[in-house]
Amino acid sequence: MYFFDTLPTHMDYDGQRKAEKLSRIIITLFGVVGLIWGYIIQQFSQTVYILFAGFVLAALVTVPPWPMYRRKPLQWQKPRPECDGTESVMKSKKKK
Amino acid sequence: MHSVLTRGNAILAYSLSVLAVLTFVCFISTVFIDYRTNATMNTVKVVVKNVADYSASREKNDLGFLTFDLQTDLTHLFNWNVKQLFLYLTAEYSTPNNQLNQVVLWDKIIQRGENAVLDFKNMNTKYYFWDDGNGLRGNQNVTLTLSWNIIPNAGLLPSIFALGSHAFRFPVEYTTARV
């Protein structure tokens, strides 16, 4: 079970925005293509299958937190030592 | 979009919304199509008997027997929003009892991909042609019409009347022999 805990599940804010945009684009594109193809061959079932393929692709590409969605982590400020009153930090400061 | 579950939920919801839109486009693309077409029909043998209707009042009612020819080509009615056609052949006539009588004599389901070019000769009816009294013998104007329901993927369930009908008359004497 430790293996699963080591898996990264985080997406940064920019990655979340990209994931949502990408999933919308993929599903819309497959839907439009499926509609056109289904109309050409007059089979609405093919439209539904193509849309489903787009759903699967979008799920594979945007649901797991791939490394491409973790490229812009938030730049947190360094903790300011003066405001920090906890003992452990004080101790580490003393050691330095 | 911060976790796997919320992203999965979002794309599933969006896919279903897109599916609803596509289905609506499919409905809109076929709702204005004129599904009427020509059908020719003819009666071959027409007799009428006077027998007890045990399924109803046990009184003696008129029972018509007929065989018919039917030719029509429904292939062009099928499109991406038609799953099957339900054809039915109706006899319409008026009697002293009722202004309008409608009796379904025969029906057929044609699914997508099946042969939709119909050419029947001397077909028997599937259902009994009962009158609710004695209105069939000598009836001078009985009209056969063909109609169909279109069973769609999405949208309306229209009932279409074929162009073309056939009027015939029943004999003035009851037939007593077995038919």
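**Exercise 1. How many residues of chain B are in contact with chain A, and how does that side divide by class?**

Step 1. Apply it across the chains: 18 residues of chain B are in contact with 24 residues of chain A.
Step 2. Sort the chain B side: 11 residues are nonpolar, 6 polar and 1 charged. Here Ala, Val, Leu, Ile, Met, Phe, Trp, Tyr, Cys and Pro count as nonpolar, Asp, Glu, Lys and Arg as charged, and the others, Gly among them, as polar.

A note on the model: it is predicted, local features need pLDDT of at least 70, side-chain atom pairs count only at pLDDT 80 or more, and totals for chains, interfaces and linings use all residues. Residues are numbered from 1 along each chain as its sequence is written, while chains are lettered from A and ligands numbered from 1 in the order in which they are written.

**Exercise 2. Describe the elements of chain A and its annotated spans.**

Step 1. Count the elements, taken as DSSP runs numbered from the N terminus (helices: H or I, at least four residues; strands: E, at least two). Chain A has 4 helices and 0 strands. Their order is α-α-α-α.
Step 2. Look up the record. The unreviewed UniProt entry annotates residues 21–41 and 47–69 of chain A as "transmembrane region". UniProt positions are given in the numbering used here, feature names are shortened, and annotations may be inferred rather than shown by experiment.
Step 3. Check both spans. Residues 21–41 of chain A are 100% helix and 0% strand, with end C-alpha atoms 30 Å apart. Residues 47–69 of chain A are 70% helix and 0% strand, and their end C-alpha atoms also lie 30 Å apart.

**Exercise 3. Why is chain B more spread out than a compact globule?**

Step 1. List the elements: chain B has 1 helix and 8 strands.
Step 2. Chain B has 23 Å, well over the 16 Å that the rule gives for 179 residues, so chain B is more spread out than a compact globule.

**Exercise 4. How far apart are the two domains of chain B, and what joins them in contact?**

Step 1. Take the bounds from the automatic or database domain assignment: domain 1 is 1–30 and domain 2 is 34–168.
Step 2. Their C-alpha centres lie 43 Å apart.
Step 3. The contact takes 4 residues from domain 1 and 6 residues from domain 2.

Notes
Two residues are in contact if their C-beta atoms, placed from the backbone, lie within 7 Å. The radius of gyration is taken over C-alpha atoms; the globule rule is 2.2 Å times the number of residues to the power 0.38.
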